[in-house]
Structures are given as structure tokens and as C-alpha cells.
Amino acid sequence: MLTGEIRNKVDQIWNAFWSGGVSNPLSVIEQITYLLFIKRLDDLHTLEESKAETLGLEMERRIFPEGNDDKGRAYEDMRWSRFKNFEAREMMEVVDEHVFPFLRQLGEEGSSYGKHMKDARLGFSSPSLLSKVVEMLDQIPMDDRDTKGDLYEYMLGKIASAGQNGQFRTPRHIIQLMVELTAPTPDDVICDPASGTCGFLVAAGEYLRANHPELFRNEKQRAHFHKDMFHGFDFDPTMLRIGAMNMVLHGVEDADISYRDSLAEEHNADAGKYSLILANPPFAGSLDYDSTAKDLQKIVKTKKTELLFVGLFLRLLKTGGRAAVVVPDGVLFGASKAHKEIRRMLVEDHKLDAVIKLPSGVFRPYAGVSTAILVFTKTGVGGTDHVWFYDLQADGISLDDKRTPLLPPEKMGPVPVEALSDAEHEKNNLPDLLRRWAEKDGSETANSPTAQSFCVSLAEITASDYDLSLNRYKEVEYVEAEHQSPADIIAELRSIENDISDGLTQLEEMLS
């Protein structure tokens with residue numbers, strides 16, 4: 001949990017960028033990411049130095065080599081702990097002409113630290129701005145993993161614009177909900193094929209830390225957590241850098257955050273590799289057949305990105321693997337052959353567990369599109385007996401562009417610190433959703449279609465041409481209203497009119 005003091009320091013850094021002429025939020029985050037990366041390299045190097053000195057051994061990993069670079073500058077000067085004390089112009093020269101070429105060199109050598117820094121460039125407009133930001137970042141305590149992670153999340157929250165390809169940041173509480181629904185385990189291999197800032201992967205890691213702390217006492221599981229568990233793909237280099245740093249600052253040492261156009265590249269190498277997929281992919285409309293991966297076209301013949309992504313999820317999941325993904329409402333009821341076929345596959349060939357209708361304002365101010373969360377398991381042999389539907393009407397935040405919290409922090413999210421009253425449930429349905437989810441195969445099956453959540457049988461879905469929209473099955477209870485008869489209403493109006501007339505007459509008599 002960030003303190004008010006740290007938040008204020010972050011806001012001051014942000015304002016320094018704005019007053020220094022860097023106004024694009026993504027550019028600000030990218031430059032801060034570079035600086036945090038440079039600071040982390042120095043922290044790792046310092047840790048190795050301390051370990052070697054304590055044990056009386058040579059350093060195993062020397063990030064900054066001994067000697068000078070090809071321009072004659074000592075590598076020692078490129079460490080954060082050294083250049084932070086330089087005068088502004090010298091600091092600018094060292095960072096721009098020596099540190100950044102060193103970062104790009106790390107990237108070209110394939111270092112796990114540097115693979116996303118191949119085209120890193122310093123974007124500061126003046127030495128004074130760089131010096132000011134370095135000083136401010138240095139004053140923020142980053143010894144604690146939670147603080148580092150929360151700090152970065154707070155900065156990411158300032159990105160308030162959607163990308164050109166339809167991507168936008170998923171609200172943290174919706175991510176947490178999807179993670180809680182799928183309950184990651186220490187043996188999972190988790191993938192987000194449209195990872196962006198890696199919010200889903202970060203949340204899955206935090207869930208494991210909270211619910212399976214024993215995994216860090218098992219050498220094999222600990223190594224799996226840091227190296228083999230998390231996989232994120234994106235085709236935006238800026239997002240890759242931001243996402244990779246997000247994972248590092250949340251304590252995942254070497255996550256696989258890779259450049260990939262998930263819909264354009266073949267997936268033979270990792271087909272059936274992942275046991276859990278969490279995603280909110282961008283929906284940019286249609287692609288050309290020629291630019292779409294042929295293995296996806298075999299699953300679903302379409303140019304629609306939202307359908308191709310569902311096909312991709314099925315392609316990447318191993319048998320028994322599960323997924324929680326956001327889709328636009330059109331996937332649920334679209335009438336095209338491809339729409340019906342992808343729904344048929346989910347229901348008949350695999351196990352569709354749930355359809356959760358989200359309120360249309362949940363992604364504001366980025367987009368007002370209506371969406372739903374699909375939760376399913378890849379089986380290849382069917383298994384859908386019934387599908388659980390939930391009508392999420394409130395997520396704890398106002399559904400307008402301002403997205404103002406409606407409850408105090410301790411009563412927000414899917415797992416609030418304090419229990420909610422009935423009145424508070426009306427403002428935050430997420431805890432109720434999780435409670436009912438646990439009973440989806442039990443007491444929930446007896447719910448009426450008039451309830452907020454209910455189950456629909458496979459036979460009924462099949463008979464409805466695999467329509468998965470909640471409104472197709474939900475029944476609205478109409479309460480008959482009692483009204484006065486027209487004669488009584490007219491009589492009442494006449495009585496009021498007579499009273500007014502009598503009052504006016506009395507007033508005239510008083511004035512005359």
C-alpha cells in the first residue's frame with residue numbers, strides 16, 4: 001500500500017516531466033522504466049559485490065565490467081550510485097552517451113536484463129530535468145517488493161488513453177476477479193497473448209504469493225515461478241519494456257515477455273503449452289486473411305480479431321487447461337457462421353464454465369464497449385452440462401468517465417478486507433460473484449432466471465443456436481403497479497383547482 005508521501009513524490013516526478021515538455025503519458029512511463037531498469041542493474045551489481053565480499057570469493061555475475069567502454073568512460077561511472085551525484089550536464093552526457101549504449105549492448109547480447117532495451121533512447125529534454133527526476137526517484141524507498149510493485153502500478157494508472165490497435169489497460173479489480181475465478185496453482189504455466197503492461201501476470205504472481213507461500217520454500221517450484229511460469233506476448237516494444245519492468249518490480253526475476261504478433265505468427269512451437277490463460281486482448285476489427293496465422297484459420301475461418309483470439313486461446317491451452325478472458329458482447333450473439341462455430345466449439349467440444357456480463361462503463365474512460373468474461377476449460381471432448389451466468393451490475397466504481405470509487409478502499413475489489421452490507425453490495429457485486437461462483441455446480445443450479453446469477457442447460461443453449469448473451473435467458477420480474485382510477489385523479493385535480501380558486505378570491509377581498 002503506497003503512503004500519501006510516496007504518492008506525492010510520484011506526482012511530483014510526473015509534474016516535472018510535464019513542465020519539462022514530456023507530455024505523453026506512455027513516454028513518461030517509458031523513460032521512468034529506463035531509469036528504474038538502470039537503478040535495478042546497479043542494485044543487482046551491488047548485491048553481487050556484497051555476496052562476493054562476504055564469502056571472500058570472486059563475483060559470479062558482473063553486470064558492469066571492469067575498465068572503460070569504447071569511448072573511454074569507466075563502466076563504474078555508469079552505475080546509478082555513481083552518476084546520481086554528478087553535476088546535471090555531466091550526468092546527461094554519461095547517461096545519454098554511455099549508459100544507454102551499454103543498455104543496447106546488453107540487449108544485443110541477449111541478456112535477460114537487456115532483451116527489451118535494444119532500441120532504448122533517452123528522451124529527456126534537458127540535463128536539469130534528468131537530474132531532477134533521478135534525484136526524486138532516488139528518494140523513493142524501493143527496498144520492499146510490494147512498494148516497488150505498487151509504485152509502478154500507481155504510475156501505470158496514469159495511462160488514460162487507448163492505443164491505436166484497440167488495446168487499453170484493464171482495471172486492476174477486474175484482473176483480480178479473473179485471477180480469483182481461475183485460482184492459479186504453483187504448477188501452472190500462465191500466458192497472456194496480449195500482455196500489454198502484464199497486469200494479469202503480475203496479479204497471478206501476487207495471488208500465488210498470498211495463497212501458496214510454500215512454493216518459495218521448494219527449490220523446483222521457486223525456479224519454475226521465476227523462469228518458466230509466466231509468458232506474455234505483445235507487438236508494441238514500449239509495452240514490452242513496461243511489462244517486463246512491471247514483472248521485475250513485482251519480484252519475478254526472468255519472466256518470458258516476448259515480441260510476438262499473436263494473430264499473425266504460427267503457434268506450432270507453443271501449441272498446447274499453457275495450463276492457464278488470462279487475457280483482455282485488443283479488438284481492432286478485422287484482419288486480412290493473408291496476415292492471419294494459418295493455424296488459427298483452421299480453427300475458425302474469420303477475419304474478426306475477437307474470434308481469432310478465442311481460437312488462439314484454444315490453440316495455446318493444453319488439454320485440461322483453463323481460461324478467463326474478456327470478449328466484446330458481439331462474440332456472445334453474433335449471427336455469422338464464424339460466430340456460431342466458435343460458440344459451438346466452446347460449448348460442445350470443450351467445457352464452457354461461465355459467462356459474466358460486465359457493465360458497459362467498466363472500461364471507461366478508454367472505451368464504452370459492452371463486454372463479458374468467458375471462463376472455460378479446454379477438454380477436446382465436451383463436458384458442458386450447464387453454463388453459469390452472472391449479471392455484474394456494479395464493480396465498486398461509478399460507471400461514468402470519472403470512475404469515482406463508491407466505497408472506501410477496504411470494501412473494494414473481489415476480496416475486500418471488510419464484509420459488505422446489503423446496501424454496499426448494490427455498489428460492489430464482485431464479492432457476491434465470487435461467493436456464488438463457488439456454488440455454480442451446487443445451489444446456483446436451482447436459481448430462477450430472474451436472479452442475478454443462474455444456470456442454463458446445454459440443451460437450452462443448443463436450442464438457442466448457441467446464443468450466449470445473458471439477456472437471451474434472463475427473465476425480468478414485472479411488479480404490477482397500482483394506480484388510481486382516472487375518475488379519482490380528475491376529482492382530486494378539481495378539488496385542488498377549487499382550493500386554488502378559493503384562495504385567490506380571499507386574496508382579492510383582502511387587497512380591496
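**Helix packing and sheet order in a predicted model**

Alanine 223 is partly exposed, with a relative accessible area of 37%, where buried means under 20% relative accessible area, exposed over 50% and partly exposed in between, for a 1.4 Å probe and protein chains only. This is a predicted model, in which local features need pLDDT of at least 70 and side-chain atom pairs count only at pLDDT 80 or more, while totals for chains, interfaces and linings use all residues. Residues are numbered from 1 along each chain as its sequence is written, and side-chain values use heavy atoms, with hydrogens and water left out.

- Alanine 223 lies in helix α9 (residues 219–228); helices (H or I, at least four residues) and strands (E, at least two) are DSSP runs numbered from the N terminus.
- Between alanine 223 and tyrosine 154 there are 28 Å in space, C-alpha to C-alpha, and the two are 69 residues apart in sequence.

**Helix pairs**

- Helix α2 (residues 25–55) and helix α5 (residues 127–139) cross at roughly 55 degrees, and their axes come within 11 Å; axes are lines fitted to C-alpha atoms, for helices over the stretch in contact, and angles run from 0 to 180 degrees between N-to-C directions.
- That angle makes α2 oblique to α5, given that angles under 35 degrees count as roughly parallel, over 145 as roughly antiparallel, 65 to 115 as roughly perpendicular and the rest as oblique.
- On the α2 side the contact (heavy atoms within 4.5 Å) is made by Ile32, Leu35, Leu36 and Lys39, and on the α5 side by Leu130, Val133, Val134, Leu137 and Asp138.
- Helix α7 (residues 172–182) packs with helix α16 (residues 430–437) at an angle of about 10 degrees, their axes being 11 Å apart, which makes α7 roughly parallel to α16.
- In this second pair, His173, Leu177, Glu180 and Leu181 of α7 meet Leu430, Leu433, Leu434 and Trp437 of α16.

**The sheet**

- Nine strands form an open sheet with mixed pairing, in the order β3-β2-β1-β4-β5-β7-β6-β8-β9, where two strands pair if DSSP finds at least two bridges between them.
- The edge strands, each pairing on one side only, are β3 (256–259) and β9 (453–457), and from one strand to the next the twist averages 15 degrees.
- Strand β1 (residues 190–192) runs parallel to strand β4 (residues 274–279) and is joined to β4 by two bridges; isoleucine 190 has leucine 276 as its bridge partner in β4.
- Helix α16 packs on the sheet, where α16 touches β6 (351–357), β7 (371–377), β8 (386–391) and β9, and the direction of α16 makes about 165 degrees with that of β8.
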